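Student: I would like to go through this structure and ask what stands behind each label. Please set the values against the cut-offs.

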Amino acid sequence: MSTVLDISNKNVPGNDLPAKPEENVQYVNELTTLNLGPTHPATHGIFQNILQMDGEKIVSGEQTIGYIHRAFEKIAERRPFYQITTLTDRMNYCSSPINNFGWHMTVEKLLGITVPKRAQYIRVIMMELARIADHLICNGILGVDTGAFTGFLYLFEERENIYEIYEEVCGARLTTNMGRIGGMERDLSAEAIRKIRAFIKRFPPIMQEFEKLFNRNRIFMDRVIDVGPITAERALNYGFTGPNLRAAGVDYDVRVMNPYSSYQDFEFDIPVGKSGDTYDRFMVRNGEIWESLRIIEQAIENLPEGPYFADAPEYYLPPKKEVYRNMEALIYHFKIVMGEIDAPVGEVYHSVEGGNGELGFYLISDGGRAPYRLHFRRPSFIYYQAYPEMCVGTTLSDAIVIMSSLNVIAGELDS
Amino acid sequence: MTNEEVAKDLIRQFGEDVYDFDEPYGMLTLSTTRDQIIPIIRYLKDHSLYQIGFLTTLCGIHYPDDPNPEREYCIVYQLHSLVNNFRLRIKVFLSEDDLHIPTATTVYLAANWMERETYDFFGVIFDGHPKLTRILNMEDMDYFPMRKEYPLEDPTREDKIDALFGR
């Protein structure tokens, strides 16, 4: 005789007991402390937030940062200028070329070097590609944090293509060390131009697909609209810059206000949001990707002929061929590599529009070989202060989305 | 709105408390005293025409070799008017024995972490700061690493002398 196995049996031991009367339930009237980070997959970097939670709601948050602090400002005081470029790579590692060129432009400003148009245009192309890569990461991951992995997956193929362009231009992918003081290290190769043109052609449909997937997606909109809003006034007081400030409705863009590297030659718009919530930040970044693409198109079409480096023999390494044949070139080569060139005395501040906002370099030179003092204005470091304020009253899942949309990069935060 | 106009206006308002005017690379730079720094940045922020209402950077500098001990430490405020696109740099010099300066968090929320960072690296005390603790370095560190007396490399090593590295 076979027994019938009742798979629909919901009876588990204890289930047949009568439900406990309400008055026996103990309510604990205290806050829960939750450690968000330091290593949490959803924080995209190493930072810790100690949240006080009342059930699902966040009551207060306290941040601990500095987990990957590498004392760049101290190290920079011992290095010749050209060796500081590699430090800037490691700040916002999602858009290293912008940091590199920002630093080069600061030194060029100190030395009074004018870079030829061709080099400026190449820099613009690389900086805008970096901005696209940076925003792709931010928006792709915002999708992942709201539960949509597809967008991230498809977009990252394009980021890979941008990295291949980097590779063609400077040989590296992540920590690029791109360009030199006085121009570019090498001219754009035919292959690089081909890759950039191919990217311009291939990228728009993929981006459109991404936007179709997210922009009017009901689930996504419900998830991000009115999450972590910040008013323009508050954002300015907190020192917000970049897409996060523009999402709040302030059209401050360093590229337009203080054009550098020939940005005045290009036609582009500044997307601005209204309420400064997560949705606006997402949309501003999407809009900026399109504008960056427009700039790249214009720059590659109108790429001027001419040299790709300035005549600055004391800072720009001579061609290797010359070094072997020409005494002067050999001397300069030696002096540059050994860091034996004294910079003029001066005090200069230069800022560029980084992936996250105004990336500033405050350089004080006392006439030595290394900066006397170098201070980096890291946008992430300044606006991340506002994070607890933006989270209070929301839920944990919203806090993750807010952090993701702020695009806090640990390397830039801690420098 | 030129550097001259703003400089003259500041002299009219603050008299002898603003001095050392300069224009390195076109940016108006001036020095002031510890007592006047907060009134000045508040004045510039509330001014109906200037509207210099954005704190770009706040950082410290250490000048141990300065002959005047009153000028050993320097706190630099870089302000920006987003309306007029005007930048301004204000410096306050402090002496080693009295490293106190009023906090700017009362005017700018952004100053909070910038001041903590300056405290962390230079040991400058910002009076009235809501939470003046170390921010990037660990809590139990007992020195201020960006001061010039702390060398970057181990000074006892003989194989890394400056002469070998062109420094």
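Student: In what order do the elements of chain B run from the N terminus on?
Tutor: The order in chain B is α-β-β-α-β-β-β-β-α-β. That comes to 3 helices and 7 strands. Helices (H or I, at least four residues) and strands (E, at least two) are DSSP runs, numbered from the N terminus. The model is a predicted one, in which local features need pLDDT of at least 70 and side-chain atom pairs count only at pLDDT 80 or more, while totals for chains, interfaces and linings use all residues. Residues are numbered from 1 along each chain as its sequence is written, and chains are lettered from A and ligands numbered from 1 in the order in which they are written.

Student: What are the span and the buried share of chain B?
Tutor: The C-alpha trace of chain B spans about 60 × 35 × 30 Å along its principal axes. Of its 167 residues, 38% count as buried. A residue is buried if 20 or more other C-beta atoms lie within 10 Å of its own, exposed if 12 or fewer, and partly exposed in between, with C-beta atoms placed from the backbone.

Student: What makes B:Glu70 exposed or buried?
Tutor: B:Glu70 has 12 C-beta neighbours inside 10 Å, so it counts as exposed. The residue sits in the loop between S3 and strand S4 (73-81) of chain B.

Student: Which residues does B:Glu70 touch, leaving out those up to four places away in sequence?
Tutor: B:Glu70 touches B:Phe93 and B:Ser95. Two residues are in contact if their C-beta atoms, placed from the backbone, lie within 7 Å.

Student: Why is the phi of B:Asp20 worth a remark?
Tutor: Most residues other than glycine have a negative phi. B:Asp20 is not a glycine, yet its phi is positive, about 55°. B:Asp20 belongs to strand S1 (residues 18-22) of chain B. With 10 C-beta neighbours inside 10 Å, B:Asp20 is therefore exposed.

Student: What is the phi of B:Asn85, and where does this residue lie?
Tutor: Phi of B:Asn85 is near 50°, again positive in a residue other than glycine. B:Asn85 lies in the loop between S4 and strand S5 (86-94) of chain B. The residue has 12 other C-beta atoms within 10 Å, so B:Asn85 is exposed.

Student: What does chain A consist of?
Tutor: Chain A has 17 helices and 6 strands. Buried residues make up 48% of its 415 residues. Its C-alpha atoms fill a box of roughly 100 × 50 × 45 Å along the principal axes.

Student: How do helix H11 (residues 278-301) and helix H16 (residues 396-406) of chain A pack?
Tutor: H11(A) and H16(A) pack at an angle of about 30°, with their axes 10 Å apart. Angles run from 0 to 180 degrees between N-to-C directions, and axes are lines fitted to C-alpha atoms, for helices over the stretch in contact. Angles under 35 degrees count as roughly parallel, over 145 as roughly antiparallel, 65 to 115 as roughly perpendicular and the rest as oblique. H11(A) is therefore roughly parallel to H16(A). The contact is made by A:Thr278, A:Arg281 and A:Phe282 of H11(A) and by A:Val401, A:Ile402 and A:Ser405 of H16(A). These residues divide into 3 nonpolar, 2 polar and 1 charged.

Student: What makes S4 and S6 the edge strands of the open sheet in chain A?
Tutor: The sheet of 3 strands has the order S4-S5-S6, with antiparallel pairing. Strand S4 (345-353) and strand S6 (373-377) each pair on one side only. Two strands pair if DSSP finds at least two bridges between them. Strand S5 (residues 358-366) and S6(A) have 5 bridges.

Methods:
Nonpolar A, V, L, I, M, F, W, Y, C, P; charged D, E, K, R; others polar.
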